[in-house]
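Open the model in your viewer and keep the sequence panel beside it. The stops below say what to select and what is there.

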Amino acid sequence: MIDEHSPLARIIERVPPPAEAVNGRGDWADTERTLGTRLPDDYKRLVETYGRGDFWGALCLCTPFGDDNPVRLETNLVEDFGPLRESWPEEYPYPFFPEPGGLLTWAVTDDSAQVCWLTEGPPESWPVVIWSRDSDYERFDCGVAAFLDGWINGRLSSELLHHETDTAPWFDAAIERDHVYVRLEEPAEGEGEGALLPYAERLRILRDALAPTADRGGYEYNGRRQDHFVVTDTGWQLTYETAYGHQLRVAFPPAESEAARRAVLAAIDRMGCAVQSFGTVHGTSSWGPSPGPSADPSPGPSVG
């Protein structure tokens, strides 16, 4: 049972957990025996609630469970960084777990910084230390859940942990996804016959067709745009852009390939765009030419 007034309860209220926590369940007693230390209860509840995945596209939560887990909790910093510390000890002011009071990684950032406990004293009092690959450090005298609660709700700031400040926080479970790029016709110059609607209108139509959606950030530079969003009912992730050609990038669970294909192509038809080609960038889904009016009868080159 989660205390409704706890930091974890506030995180859950702001950031809905996934339906299933990837690598979120296992034998905690065995984990602690293997590590040689107890772990904080708030971390255990966080793992059981969210599992492996990332918060706000910036912080990937490590868990101790799952044979195929690439970010397991048992990372041994002594093995990874001990030789470097011997050469440049001034850049490593903290010991490494399992050294007494050493750093133990419980998350990593999108910039490859280590988010650690400083394992001094009882586990419930372990502070959080962020350690960047440039050997910069930040210390926060609170536990994991209080740290995430403060960061997500804007009461805690960090120079080493960045996020999309203009978007609501989210959590993406570390599930398998196929990635398909849909290359679209390039916008014609001018406003005559064959010209597409303005980019902002095309984006609005796309998101309305797939609604409800939620922002995942974007950018604009020299007239080129890139907009990220997610279909909230399905978790499909999309990027619409002109930054690297006029295209739509779609990520989805492999089992939902046909459903995603139908929905996305119907949305493209409503935008008034024509499909030039499809490319499978990661995964096994191959959409092929659409039988509808939006598709070019020839598949064209794949998009890389």
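With which side chain does the side chain of Asn 69 make a polar contact? Select Asn 69 and Thr 63: their side chains make a polar contact at 3.0 Å (a pair of N or O atoms within 3.5 Å; within protein, one must be able to donate a hydrogen and the other to accept it, and residues adjacent in sequence count only if both atoms are side-chain atoms).

This is a predicted model, in which local features need pLDDT of at least 70 and side-chain atom pairs count only at pLDDT 80 or more, while totals for chains, interfaces and linings use all residues. Residues are numbered from 1 along each chain as its sequence is written, and side-chain values use heavy atoms, with hydrogens and water left out.

**Around Asn 69**

Stay on Asn 69, which lies in the loop between β2 (59–61) and α4 (77–87). Helices (H or I, at least four residues) and strands (E, at least two) are DSSP runs, numbered from the N terminus. Asn 69 has a relative accessible area of 6% and is therefore buried (under 20%, with a 1.4 Å probe and protein chains only). Leaving out residues up to four places away in sequence, Asn 69 touches Asn 23, Arg 52 and Thr 63 (heavy atoms within 4.5 Å).

**The nonpolar cores**

Next, select Tyr 43, Phe 55, Leu 59, Trp 106, Phe 147, Leu 148 and Trp 151. These touch the most other members of the largest nonpolar core, which has 41 residues. Helix α5 (residues 144–152) gives the most to this core, five residues. Such a core is a set of buried Ala, Val, Leu, Ile, Met, Phe, Trp, Tyr and Cys residues joined through side-chain atoms within 4.5 Å. Another core, of 27 residues, lies apart from it and includes Leu 206, Phe 229, Phe 252 and Trp 287.

**The largest pocket**

Now move to the largest pocket, with a volume of about 550 Å³. A pocket is found on a 1 Å grid over the protein atoms alone, as an open set of points where a 1.4 Å probe fits, with protein on both sides within 12 Å along at least five of seven lines; lining residues have an atom within 4 Å of a point. The volume is the space filled by probe spheres set on the points, which are joined across faces, edges and corners. Of its 26 lining residues, select Pro 16, Pro 18, Phe 171, Asp 172 and Gly 235, the closest to the centre. β7 (171–173), β9 (213–221) and β10 (224–231) each supply at least two residues of this lining.

How values were computed. Buried < 20%, exposed > 50% of the residue type's maximum accessible area, 1.4 Å probe, protein only.
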